[in-house]
Amino acid sequence: MSDGYDPLAALFDLSTDDPATWRERLQLLRTPYADRAAIRPAYVNDLRFGGGANVDVLESQQQDPRLAFLEEWNNKIRHRKLWDFARCDPAYDASAIDAANAVFARQSVRVPASVTELATRRHAHALVMYWQPTNNFLVLPAKWKVQRGPDDWKILRIINENQGCCYWFVAWRSGALNSTQLDPPVFVGDYVDSALDEVADFFTITECTANRWSEFLLDYAVEGSRWYDENPRYRKDTSVYDRSRDS
């Protein structure tokens with residue numbers, strides 16, 4: 001992974017012009033984990049996280065299936081709308097890339113592209129803390145521990161609330177390429193012991209708060225920004241996190 005990193009070319013043949021192929025790929029990005037009624041918002045210190053407000057917010061309006069797929073890929077896997085909202089495009093962090101690769105070497109499992117793309121950016125930790133004034137913090141790749149859920153689901157704790165009142169997880173299905181392997185659903189719940197290899201009751205002790213990590217992240221940042229609208233003296237210029245500002 002480098003500044004030119006793009007998992008798209010490694011996963012799909014980009015030379016095809018077959019509309020049916022692009023429709024299949026687009027459906028892959030759009031397949032939800034659960035219907036809208038099953039997506040529950042979480043409230044922490046009066047701030048809302050996830051829920052129905054984030055469902056399908058990154059869906060393309062393009063009619064051409066290839067163009068729609070490419071737009072959704074950029075918005076979901078590469079977080080283009082998120083970076084536009086933040087007015088920055090952070091460079092990748094070489095040490096975080098090495099740590100993410102070490103997870104694969106150690107556990108023989110790939111963390112979904114959308115999650116890895118965010119977590120291997122410089123300043124990702126600072127941005128996640130800033131976007132929610134409760135000071136939630138991102139679990140960086142060096143601390144990743146992939147656990148097993150029921151039916152061979154994979155689970156990764158990805159955000160901690162700073163006082164430990166709740167935790168956010170992503171979960172994805174292994175096997176053939178599917179939507180959860182690209183942009184997994186997000187769950188919120190109490191602490192799950194990271195020493196456990198298997199969490200058999202994961203889906204009963206957590207609730208789904210977003211169908212996709214990308215949708216959750218954008219909603220997470222927008223909701224945090226609303227707090228700063230009411231408390232402008234704490235607002236930060238997040239453009240300082242752009243790669244052009246790195247020394």
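Author: **From two glutamines to a set of strands**

Gln132 is buried, with a relative accessibility of 0%. Buried means under 20% relative accessible area, exposed means over 50%, and partly exposed lies in between (1.4 Å probe, protein chains only). Gln132 sits in the loop that links helix H7 (124-131) to strand E3 (137-138). Helices (H or I, at least four residues) and strands (E, at least two) are DSSP runs, numbered from the N terminus. Leaving out residues up to four places away in sequence, Gln132 touches Leu47, Phe49, Tyr220, Glu223 and Gly224. Contact here means heavy atoms within 4.5 Å.

A word on the ground rules. This model is predicted: local features need pLDDT of at least 70, and side-chain atom pairs count only at pLDDT 80 or more, while totals for chains, interfaces and linings use all residues. Residues are numbered from 1 along each chain as its sequence is written, and side-chain values use heavy atoms, leaving out hydrogens and water.

Gln181 belongs to helix H8 (residues 179-182). Is Gln181 buried or exposed? Gln181 is buried, because its relative accessible area is 18%. Its contacts beyond four places in sequence are Pro112, Ala113, Trp172, Arg173, Ser174, Gly175 and Ala176. Val111 is 70 residues from Gln181 along the chain, yet their C-alpha atoms are separated by 7.6 Å.

Follow Arg173 into its strand. In E6, Arg173 is the bridge partner of Trp153. Strand E5 (residues 153-160) and E6 are antiparallel, joined by 7 bridges. Two strands pair if DSSP finds at least two bridges between them. E5 and E6 form a hairpin with 6 residues between the strands, and Gly164 there has a positive phi near 75 degrees. E6 is largely enclosed by the rest of the structure, because 6 of its 7 residues are buried.

Next comes E7. Strand E6 (residues 167-173) pairs with E7 in the antiparallel sense, over 4 bridges. Val170 has Val186 of E7 as its bridge partner. Trp168 stands opposite Val188 in E7.

What covers the two sides? In a regular strand the side chains alternate between the two faces of the sheet. Strand E7 (residues 186-189) has both faces covered. Val186 and Val188 are buried on one side, and Phe187 and Gly189 are buried on the other.

E7 also has a partner in E8. Strand E8 (residues 206-210) runs antiparallel to E7, and 4 bridges join them. Phe187 faces Cys208 in E8. Gly189 stands opposite Thr206 in E8. How much of E8 is buried? 4 of its 5 residues are, so E8 is largely enclosed by the rest of the structure.

Now the empty space. Rolling a probe the size of a water molecule over the atoms shows where empty space is left. On a 1 Å grid over the protein atoms alone, a cavity is a set of points where a 1.4 Å probe fits but cannot get out; a pocket is an open set with protein on both sides within 12 Å along at least five of seven lines; lining residues have an atom within 4 Å of a point. Grid points are joined across faces, edges and corners, and a volume is the space filled by probe spheres set on the points.

The largest pocket holds about 440 Å³ of space. Its lining has 22 residues, and Arg110, Val111, Pro112, Ala113 and Thr116 lie nearest its centre. E6 and H8 return here: helix H5 (94-107), helix H6 (113-119), E6 and H8 each give at least two lining residues. H5 supplies the largest share, 5 residues. By class, the lining has 15 nonpolar, 4 polar and 3 charged residues. Ala, Val, Leu, Ile, Met, Phe, Trp, Tyr, Cys and Pro count as nonpolar, Asp, Glu, Lys and Arg as charged, and the others, Gly among them, as polar.

Last, the cavity. The structure holds 1 cavity of 30 Å³ or more. The largest cavity has a volume of about 30 Å³. Among its lining residues are Ser179, Thr180, Asp183 and Pro185. Its lining counts 3 nonpolar, 4 polar and 2 charged residues.
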